[in-house]
Every structure is written in structure tokens, then in C-alpha cells.
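Here is a quick tour for anyone opening this structure for the first time. Have the sequence and the 3D view at hand, and follow along heading by heading.

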Amino acid sequence: MQMAQEAKRRIAPDESIWEQLTGKTVVLAGNENSQKECFRQNLAHLAGRLGGRFSLSDDLSAAGSEDLVFLFGMPQAGTCRMEALLEALAEISVRRLPCTALVTANMVYGKQFGASHAFTEQELGYACHTSAADMALSEMRLAENLAHRLAAEEGLPIKIVRTEASPGGDCAEAMLEAAVKVLLYGVPGEAYNLPGNQENAETDAASRLSPLPVRTDTRKVQSLDIRGK
């Protein structure tokens, strides 16, 4: 009960975005992880508040051409789910689902050094692709590259959104609205940082020999113009 009340308080729907989901289904496909659970719980509460304007599903095979698909690419800790993710990307490509976003995590940025700043979408740092510790990061980078290639070479209108590995809290409303905004108005093949708790976190004056904490620059998603579309 308390969780439901907290989720309800932190979602104040923006009609200019959510009214466009009327009669549609939001499909949550891909890997089971903390991101997917956050989307599932908060979207369910939001759908209830909006009187069932849209519905939720986990069944990618039932997605129609008017539906919205979030494909979650971050593997669970200790698992390797790349094969299933590749199969889902292939299905989306064959069926030409027009409103799809691959959801990855901010850990794709890897290790960066120097002066503290918010990372823009193109600033990927160091990752060891032979390290077990970086396996999840490597898998998500591969998934992003495949999504970008499908968009660039096959014209698939798939977008990429990056969020925290365990999103939630006060950022849920802004994160969900930004994610749907990317689905509807984002540029295929491009990545967008979603707002979260980390972007506003204060950073310590750490040694320049230590990796920077991940804070993301969200100006790109904020700049999407929905007027006249």
C-alpha cells in the first residue's frame, strides 16, 4: 500500500504526452531487471490514474503497429541474456514495429577521468571487453550498436534511451515522460539520456586518477520539439 501511494504521488501525468497513448498498449519486452520493474509499476499506476487510457503488456509477439515497445537491454546481475535480446531485436526488425526504444543503463559510459562534468550521449569512456566485471556494459554497448545499425542501414525507427540501473524515487515522473517523448519524437538510431537522481547529485572533489561518477547531460531529450507533430 505504501509503495502504491508513493508511486502515485510521484507521477503527475503531462496530458500533452500521455493523451497520445489513448487506446494503445505499452509493451515491456527484453530482460527482466530493475529498470523494467520500475517502468512496469509506475506505468501501471499511471494507467489507473488516467482511467485505463492505455494498457500494459509483456508480450512482444502481440505488439501492433500503433503500440509502443520498450526493449530492456540491461542483463540481470550474474546472467548473460544477449541471445534473447538479439532475437527480440530481430523480431522488431522483421515486423517493422515503428515505435520502439532500446533501454540501456548509464553504466555504458564506462570509466572516464578528468574534470567532473555531466556526460553527453557521445562521451563513452573506457571499458574492458574481456573483463567479467564489464560484461553487462559490453553487452549493452553491443545492443546499442546493433540498434543504431538497424536504424542507419535498414531504416528501422528504433531509438535508444539510457537511464539509471535502478531508477525510481522522485525521478520516476520525469523519466517516464522523457522515455515516451523519445519514443514519439526521437531520431531513430540516436541515444538519449533520461533524467534521474544522478544528474543532480553533488560530486566530491575526487582525485583525477579516480574514475568520475556518472552524471548525465539531459539537454538532448529536453530539446525534443513536440510542437506541430
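## Ground rules

Helices (H or I, at least four residues) and strands (E, at least two) are DSSP runs, numbered from the N terminus. What you're looking at is a predicted model, where local features need pLDDT of at least 70 and side-chain atom pairs count only at pLDDT 80 or more, while totals for chains, interfaces and linings use all residues. Residues are numbered from 1 along each chain as its sequence is written, and side-chain values use heavy atoms, with hydrogens and water left out.

## The overall layout

The protein chain has seven helices and six strands. Reading from the N terminus, those elements go α-α-β-α-β-β-α-β-α-β-α-β-α.

How much of the chain is buried? Of its 229 residues, 48% count as buried, with "buried" meaning under 20% relative accessible area, "exposed" over 50% and "partly exposed" in between (1.4 Å probe, protein chains only).

## Strands side by side

Start with strand S1, residues 25-30, where five of the six residues are buried. S1 pairs with strand S2 (residues 55-57) in the parallel sense, over three bridges; two strands pair if DSSP finds at least two bridges between them. Within that pairing, Val27 stands opposite Ser57 of S2. S1 also runs parallel to strand S3 (residues 68-72), and five bridges join them. Here Leu28 faces Phe70 of S3.

Moving along, S3 is joined to S4 by four bridges, again in parallel, and Val69 sits opposite Thr100 of S4. S4 is in turn joined to strand S5 (residues 158-163) by six bridges, and these two are parallel as well. The bridge partner of Ala101 in S5 is Lys159.

## A strand covered on both faces

Strand S4 covers residues 100-105, and six of its six residues are buried. In a regular strand the side chains alternate between the two faces of the sheet. For S4, both faces are covered: Thr100, Leu102 and Thr104 are buried on one side, and Ala101, Val103 and Ala105 are buried on the other.

S1, helix H3 (residues 34-49) and S2 form a right-handed β-α-β unit. Right-handed here means that, with the strands pointing away from the viewer, the path from the first strand over the helix to the second runs clockwise. Another right-handed β-α-β unit is made by S4, helix H5 (residues 135-154) and S5.

## Aromatic rings that meet

Rings of Phe, Tyr and Trp (its six-membered ring) pair if their centres lie within 6.5 Å, and planes under 30 degrees apart count as stacked, over 60 as edge-to-face and the rest as tilted. By this rule there are four aromatic pairs. In one of them, the ring centres of Phe39 and Phe72 are 5.2 Å apart with planes at 80 degrees, so this is an edge-to-face pair. Phe39 belongs to helix H3 and Phe72 to strand S3, so the pair ties together parts that are 33 residues apart in sequence. Phe39 counts as buried, at 0% relative accessibility, and Phe72 is buried at 0% too. Phe39, Phe70 and Phe72 form one aromatic cluster.

Tyr109 and Phe119 are both buried. The charged end of Arg162 sits over the ring of Tyr109, 5.1 Å from its centre; the rule asks for NZ of Lys or CZ of Arg within 6 Å of the ring centre and within 35 degrees of the ring normal. Likewise, the charged end of Lys220 sits over the ring of Tyr192, 4.7 Å from its centre.

## The largest pocket

Which residues line the largest pocket? Among them are Glu121, Arg141, His148, Ile160, Arg162 and Gly189. H5 and S5 each supply at least two lining residues, and the largest share, four residues, comes from H5.

A pocket, found on a 1 Å grid over the protein atoms alone with a 1.4 Å probe, is an open set of points with protein on both sides within 12 Å along at least five of seven lines, and lining residues have an atom within 4 Å of a point.

Arg96 is in the loop between helix H4 (82-95) and S4. Its phi is near 55 degrees, a positive value in a residue other than glycine. Arg96 is partly exposed, with a relative accessible area of 37%.
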